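Student: I would like a close look at one part of this protein, with its surroundings and its place in the whole chain. Please take me through it in one connected account.

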Amino acid sequence: MPWRVAGQDQALAYLRRSLAQGTFPHALLFVGPPHTGKTTLALHVAQALNCLDEDPPCGSCAACRRIAAGKHADVVTLSLEGARSEDTGAARKEIGIDRVRDLIHSAALPPFEGRFRVFLIDGAEDLSREAANALLKTLEEPGPHVVLLLTAVDEEAVLPTVRSRCQRLVVQTAPVDAIAHLLEAEEGLAPQQAAALARVSRGRTGWAVRAARDPEFAAEWQRQRAAVWDMVRQGTEGRLAWAARQAADFRRRRAEVLANLDVALDLWHDLLLLHAGCPPDLALATDDREVLAAAARRLTLAEIMGAVRALRAARAQLEQNANPRLALDVLLLDLPSVGVAQGVV
Ligand SMILES: [Zn+2]
């Protein structure tokens, strides 16, 4: 059974080779953009290390199934997701030293049911400085039956002393075809649905799989797109009000604001495709093609290209911590008027 991952040829070649040769590193850091499937790949590694089949990770033996379900006693995940302070019940902002001390204690024990004790630190940039320092000795000499797997979107935010003790593995966005194939083969989606979600994912396997499994997650993307389209169709006043709302708490909602700009970029890419006369099914969305096609006919190529450039520039400026209100105001005044009287996404 092959690894159930889209693309990632280099990473897989490395993992296969080191598993087959018995040279698997005791600490691995998976780095790559959000939602590219780092966590899934790390869990496949945990399966490969503990699989009971001759061709690991088989995905179907008792060990593989228990790991996938989060029930294997030797595979432990540390992340911020759902973590709450025992004292106050508030959502935690970092992976603290108490949890790392538990990990160190647990790593000293022999495996309970498998061959390796695997610790996944999902979001290594969330480790507090104290926690990261406490982890160093274990990262260096974890013991013969222990493997530490770390993931990070922002590699620079991981303590250099942690990074230097890990083998680094890059996880990239995957080809759309490979994601569509994965959604059909592993998630049971119909070919057309798989192809549509794969396009929307823009190469992010983790996003595509989550959208396939969770209709609410996919619906949220549709809502974001509708809200952005609504803004694009408004006059100056409405656009500036939108910019003000986005900029108001940019610090706190940085990822959300950047995601909105990505959604807007997708929209303008669709307008570009439709303007160029590409078949409508090359555009991302399934239920707004007619409205977009009408808008695309009214716009000039220069206007559309200008919008795409303005969006890219604004996104780059926000990533470099420019004044968000200024960057967004300039962007929205640069976007051409779409001038569609009616129709919603
Ligand atoms: Zn297995």
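Tutor: The cover over the buried residues of helix 8 includes helix 7 (176–187), helix 9 (205–213) and helix 10 (215–232); helices here are DSSP runs (H or I, at least four residues), strands are runs of E of at least two, and both are numbered from the N terminus. The model is a predicted one, in which local features need pLDDT of at least 70 and side-chain atom pairs count only at pLDDT 80 or more, while totals for chains, interfaces and linings use all residues. Residue numbers start from 1 along each chain as its sequence is written.

Helix 8 itself covers residues 191–200, and its buried residues are A194, A196, L197, A198, R199 and V200. A residue counts as buried if 20 or more other C-beta atoms lie within 10 Å of its own, as exposed if 12 or fewer do, and as partly exposed in between, with C-beta atoms placed from the backbone. After helix 8 comes R202, which has a positive phi, near 50°.

The protein is divided into domain 1 (9–170), domain 2 (176–213) and domain 3 (216–334), with bounds that come from an automatic or database domain assignment. The centres of domain 2 and domain 3, taken over C-alpha atoms, are separated by 23 Å, and five residues of domain 2 are in contact with five residues of domain 3, where contact means that the C-beta atoms of two residues, placed from the backbone, lie within 7 Å. On the side of domain 2 that touches domain 3, the elements that give two or more residues are helix 8 and helix 9, and helix 8 gives the most, with three residues. By class, that side of domain 2 has three nonpolar, no polar and two charged residues; Ala, Val, Leu, Ile, Met, Phe, Trp, Tyr, Cys and Pro count as nonpolar, Asp, Glu, Lys and Arg as charged, and the others, Gly among them, as polar.

As for the whole chain, the secondary structure of the protein comes to 15 helices and five strands, and 38% of its 345 residues count as buried. The C-alpha trace spans about 70 × 45 × 35 Å along its principal axes. Among the contacts in the protein with a separation of 6 or more, 71% are between residues 24 or more positions apart.
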